[in-house]
Amino acid sequence: MTDDYLVRIGKLIRDARQHRGWTQSQLAEALGTSQSAVNRIERGNQNISLEMIARIGEALDSEIVSLGYSGPMHLRVVGRRRLSGAIDVKTSKNACVALLCATLLNSGRTVLRRVARIEEVYRLLEVLNSIGVRTRWINDGADLEIVPPADLDLDSIDAEAARRTRSIIMFMGPLLHRAERFKLPYAGGCDLGTRTVEPHMQALRRFGLEVTATEGMYHGLVEGSVRPDRPIVLTERGDTVTENALLAAARHDGVTVIRNASSNYMVQDLCFFLEQLGVAVEGVGTTTLTVHGRADINVDVDYSPSEDPVEAMSLLAAAVVTESELTIRRVPVEFLEVELAVLEEMGLDHDRSPEYPADNGRTRLIDLTVRPSKLEAPIDKIHPMPFPGLNIDNVPFFAAIAASAHGSTLIHDWVYDNRAIYLTDLNRLGGRLQLLDPHRVLVEGPTRWRAAEMMCPPALRPAVVVLLAMMAAEGTSVLRNVYVINRGYEDLADRLNSIGAQIEIFRDI
């Protein structure tokens, strides 16, 4: 390995560590080495094995070097290009991962249509395959077939893949009906600060599941005689918490009432899928769900998850920041109504088609045409609320939009500890964002975006926001280590190129 490669690898490691918010000493402790050794590695003054690179990447949840992997590592973005034409919204990432977990409820064959081919899905497929579930892409790779075994081989679970997805926690709901004991690795995913799993545990205890955490694993023990004897009140109206409770209730032979439930898009898709399995769910779209479970589920089912409102918001923001006229087709409007109302207040010029049904027959879609607009900062702050409020995952896109508007916008991301901090990465591209505290950022606009080379933030939506700002910036930018974007978006660079962007995928090594 040449000295030049060592220096370049060291820079990638340093940038990944800094974006994780770690000191050299913290990384050294995670690796079982010394701070001085980490310092030498980052300066390119120490030979480093591929095994050590892999260990560093795992510790930082960042793909430092990719060998034999066909996906992109970095993006080179030529900015100030107008977008045009039309683009379809892909199926929901969050619905797809919930549905993959839900297939563990079914002894029959499940076919999911137009599944998003993203890293988050690939990680879950690796976990499912490792415990004996047969999966294969069919219909020229458009759809996914899932066939579970009679008995799951939980001792062979792919721990590395499991740790790279926060969705693994949704295995608990189905598994408590399939095993008296099981182990799951700690959940991973985006670096969004401390997020307690206690609301999950409180809900699942009502079905007899007790979980202890030791040595990087959740250890589950199921007491089969325990059944919910009164309504389950969730202490957090979270999406995955609600989904886990639904998954547990689906195989409970009785009626389960779940209160303070999320009614967000991925929860609704899961409810529609459970109905295809023969599990009746009353109250879909409300905060009280009544589930009529079935002790045994063995049906062949074919289901089409709905489109992704967050991807729709991403494409809308791309049109706004690049001052483009763009038609975004298959937009799930019922999950973007508040966002569109705020943007109308800001002065967005747009048209909407009549509504039509998604392939699941339930979700309402529109085609949305966005035109260049003179935007004014909103009077009120931008803040998320549970559905039908402004979606938490759409908040970061308002940072780029607010930076394109005239005036000051306060963004209050009260859910996540760290995500508002990542939005200040836009300052590297000419933005004027002031971090008031870990949850609030003040955005001044309008912005004259400028090109920069930088590391991808370790959280999905802020990473895409940085990419959108690069598309609006004068000159050529480089966004390094974009694995986190691939976790949630399928072929995003190529799809943006199809409507006029100029984004090159490349790797250093």
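The entries below begin with the overall chain and end with one packing contact.

Entry 1, overall form. I note at the outset that I am working from a predicted model. I looked up the secondary structure and found 18 helices and 23 strands in the chain. I then checked the extent of the C-alpha trace, which along its principal axes spans about 60 × 60 × 45 Å. For the radius of gyration I found 23 Å, and because a compact globule of 509 residues would have a value near 23 Å, the chain agrees with that expectation.

I looked up how much of the chain is buried, and buried residues account for 58% of the 509 residues. The accessible surface of the chain comes to about 19800 Å², and I noted that 45% of it belongs to carbon and sulfur atoms.

How do the axes of α2 and α3 cross? I found that the axes of helix α2 (residues 24-31) and helix α3 (residues 35-42) come within 8 Å and cross at roughly 105°, which makes α2 roughly perpendicular to α3, since angles of 65 to 115 degrees count as such. On the α2 side I listed Q24, S25, L27 and A28, which meet Q35, V38, N39 and E42 in α3. Sorting the residues of this contact by type, I recorded three nonpolar, four polar and one charged.

Conventions:
Residues are numbered from 1 along each chain as its sequence is written. This is a predicted model: local features need pLDDT of at least 70, side-chain atom pairs count only at pLDDT 80 or more; totals for chains, interfaces and linings use all residues. Side-chain values use heavy atoms; hydrogens and water are left out. Axes are lines fitted to C-alpha atoms, for helices over the stretch in contact, and angles run from 0 to 180 degrees between N-to-C directions. Helices (H or I, at least four residues) and strands (E, at least two) are DSSP runs, numbered from the N terminus. Angles under 35 degrees count as roughly parallel, over 145 as roughly antiparallel, 65 to 115 as roughly perpendicular and the rest as oblique. Contact means heavy atoms within 4.5 Å. Ala, Val, Leu, Ile, Met, Phe, Trp, Tyr, Cys and Pro count as nonpolar, Asp, Glu, Lys and Arg as charged, and the others, Gly among them, as polar. The radius of gyration is taken over C-alpha atoms; the globule rule is 2.2 Å times the number of residues to the power 0.38. Buried means under 20% relative accessible area, exposed over 50%, partly exposed in between (1.4 Å probe, protein chains only). Accessible areas come from the Shrake-Rupley method with a 1.4 Å probe; for residues, only the protein chains shown count as cover.
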